[in-house]
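Please look through the sequence and the structure below before reading on. The report then takes up a few parts of the arrangement in turn.

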Amino acid sequence: MADNKENIPELIVSANPHIRHMDSVPRIMSDVLVALFPAFIAGIYFFGLRAFSVTLICVLGAVCGEALVQYLRKVPITINDGSAIVMGVLMAFCCPVTLPFWMAFLGSFLAIIIAKQAFGGLGNNPFNPAHIGRAFLLASWPVAMTTWVLVSKIATPLSYDLGGKARVMGLWWNPFWSMADIDKICTQSNLDAITGATPLAHIKSLVASGNMEAAFIFAKESLFGCFIGNVGGSIGETSALALLLGAVYLFSRGHISWRIPVPMITVVFVLTLLWTGSISIALFNLVAGGLMIGAFFMATDMVTTPVTGTGRIIFGAGCGLIIFCIRQFGAYPEGVCYSILLMNAATPIIDHYTLPAIFGAVKTNA
Amino acid sequence: MSLSGSLNVYEFEGGVHPPHSKKSTEASSIEVMPPPKTVVIPLQQHIGAPCKVCVKVKDEVKRGQVIGTAGGFVSAPVHSSISGKVKKVELRPHIAGGEVMAVVIESDGKDEAVDFNGVKDYKSLSPQKLREIVMKAGIVGMGGAAFPTHVKITPPPGEKCDVVILNGAECEPYLTSDHRVMVEHGDDIIAGLEILMQVLEAEKGIIGIEDNKPDAIKVLSELVEDKPSITVLPLKVKYPQGAELQLIKAALNREVGPGKLPIHEGVVVQNVGTAAAIFDAVKNGKPLYERVVTITGNSIAEPKNLLIRVGTSFKDVLEYCGGFYPPPGKIISGGPMMGTAIKNLEVSVIKATSGILCLSESFVDSDPYSNCIKCARCVDACPMFIVPSILGNTIEFMNYEKAEALHVMDCKECGCCTFVCPAKRPLVHWFKFAKAKIVAAKRKKKG
């Protein structure tokens, strides 16, 4: 034994298994960031460099909030696992590009403290912190959170020649403008307001005024714009195409399964189709608003969703149902954020009632 | 047979796909390791009662001589693996940790064997007689669990076995010992399977092999061409395809429920190596005192498949394989998914040792674990449909009653959940711990 120890280092003893899959929490988080990149690029392309600043500030708020709490609690600071960065990016993606910087910072700073760190950090939060942040801002500053820049009024680098006269020149390149600047520009150059309703809000007002014919036509005409992202809305949620690209990446890496997004999208589509009888409006409901980012990036947040297979399907279908109800019957044009938060609250009970019967048990009990 | 060549139709749910890592030994023929100078033969090499020693210090023993008799029905005798003199009978370190009584024998260099009384026309023997031979030969499950084989082939009253499944899945990464036995001793395996079918009066025999071993499938398929009752069934590569319940599900679509045994579904599963050992015991009268072991891993100089005498120390085996390069961080008895990490190289190869895996420090995952992020990968991976994430959190809060309600006792410790966990949580470790706690609490309650 003595001679063993001379040429063999102390052997490690631990329980099986002795090999591990290479995926780790930081690896998953960096893959989510990679998956969000197309939507980030789309957001910057359509809304200008200010989208970049808002995102950066939200990330900063989230990282500062997490680090501060962990510093005060004297626990290891885990900002480099990437989850705070992901939360900041997702939070920014649900906000309009016009949001004042201080609100963006405060929103994600408070959201990560109240919705995540107060419960003990990553893994323990019952609600999606990014959506808590958005809900907090929407409740506190409803006007700032619903001021949507019309993409058609911003001259993007590629659209100078395409009728640039009606557009605000230079706005795209300015990462720091505020709403006061815009008002000034509009007054000086005799431009109409460059903000307006999102497609979902517009169609809602058309339906409310009883003008169904116009609603059908609007849905049909704006389908492509919504799919590409060339419409008013939050920074990261307007381009269904970019989000789908990211979702394909997450699927291919095995980080999300079909169990939540597919039932969620299917329920919204089928119910809208049955209710309105219009395939255009049903398709429009899929690509407009936050459904894509919600289904693939928010409702698939691992921490706040059920773990059982059946539970995840129920969760997705429940989100779809609530989105349909809010969009069709509610006061808000958009319901993705609240649908996910409400289903988050139901997650523990869904898990409790959907625990699978163990291998072979069904047969013997039956 | 009709099924030969086509993959299993049925499939167990869950499971994982660890890298196979079998390249370095899957093509190397079984090499015979010369008997060592000294063997240390533990008297407990199986599940069940330990053996009673029946030799004294200074006794002369021959190869194949009984040195420990079965300590009960669920027990199996052990035999000397070399000829020589008994030096000591004392406590020695054991693979499973702790110490057990062991017989230390020093070789006289002659390697003389006792007379093996084989039965050439064993087909005329009664099932009872065959069971007795299997029992006396000290045969235990060689896949790793080491359950005494004669117990497994004695169906409880009222139960009838209609299918014998031979387990040649070898789903553990790195290991190739079963693979090589199938390629090189296929005829022994088939003969062993026929003996098992004779004992159990079963009509059908199936040999399940993961289809990453095409050479073994080919060899055995050719051997059973004229045997209509035996089927070679290639299986999809998925861990734990070779776990008893999952194998039965994949081969027959029968599910063995909690608290039940395979025999309740009319099935008996044996490892392919065990079948070959049964044939050796019946036909040649040879007791189980040697076995094929895969010595592999990135920190062993010459990976090999070796035929090793039971009782040879790991140290002797590893030296025979050229020693370590680079230095090992972890040495595992068995495969990487279910094997046991050992602390002391003095431990002996036993009947259930299927492999010795030497991994360098860089291969040993020592990241600290973090909170469960509820990603549900373990839930999707668990072949027993336990919910490991919730169970792990329950045990972390030391709530063993709830852990029992969440079926911790049905966990087979296959390691799938821990393998996939991105938070690197030591789930199997906790489940083992909780099981021990629950068993201890029950024992205390009883009195």
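What follows describes a predicted model, beginning with the domains of chain A and then turning to a sheet in chain B.

## Two domains in chain A

Chain A is divided into domain 1, which covers residues 25-145, and domain 2, which covers residues 197-351. The C-alpha centres of these two domains of chain A lie 21 Å apart, and 34 residues of domain 1 are in contact with 28 residues of domain 2.

On the side of domain 1 of chain A that touches domain 2, at least two residues each are supplied by α2 (25-47), α3 (49-73), α4 (83-93) and α6 (129-140). Helix α2(A) gives the most to this side, with 14 residues. Sorted by class, the side of domain 1 that touches domain 2 in chain A has 26 nonpolar residues, together with six polar and two charged ones.

## An open sheet in chain B

In chain B, four strands form an open sheet with parallel pairing, in the order β11-β10-β9-β12. Because β11 (230-235) and β12 (267-271) of chain B each have a single partner strand, they stand at the edges, and one side of each is left without a neighbour in the sheet. From one strand to the next, the twist averages 25 degrees.

Strand β9 (residues 163-168) of chain B pairs with β12(B) in the parallel sense over five bridges, and Asn167(B) stands opposite Asn271(B), a residue in β12(B).

## Helices on the sheet

Helix α6 (residues 214-223) of chain B packs on the sheet, where it touches β9, β10 (204-210) and β11 of chain B, and its direction makes about 165 degrees with that of β11(B). Helix α8 (residues 272-283) of chain B, in turn, lies across β9 and β12 of chain B and runs at about 85 degrees to β12(B).

How values were computed
Residues are numbered from 1 along each chain as its sequence is written. Chains are lettered from A and ligands numbered from 1 in the order in which they are written. This is a predicted model: local features need pLDDT of at least 70, side-chain atom pairs count only at pLDDT 80 or more; totals for chains, interfaces and linings use all residues. Domain bounds come from an automatic or database domain assignment. Two residues are in contact if their C-beta atoms, placed from the backbone, lie within 7 Å. Ala, Val, Leu, Ile, Met, Phe, Trp, Tyr, Cys and Pro count as nonpolar, Asp, Glu, Lys and Arg as charged, and the others, Gly among them, as polar. Two strands pair if DSSP finds at least two bridges between them. Axes are lines fitted to C-alpha atoms, for helices over the stretch in contact, and angles run from 0 to 180 degrees between N-to-C directions.
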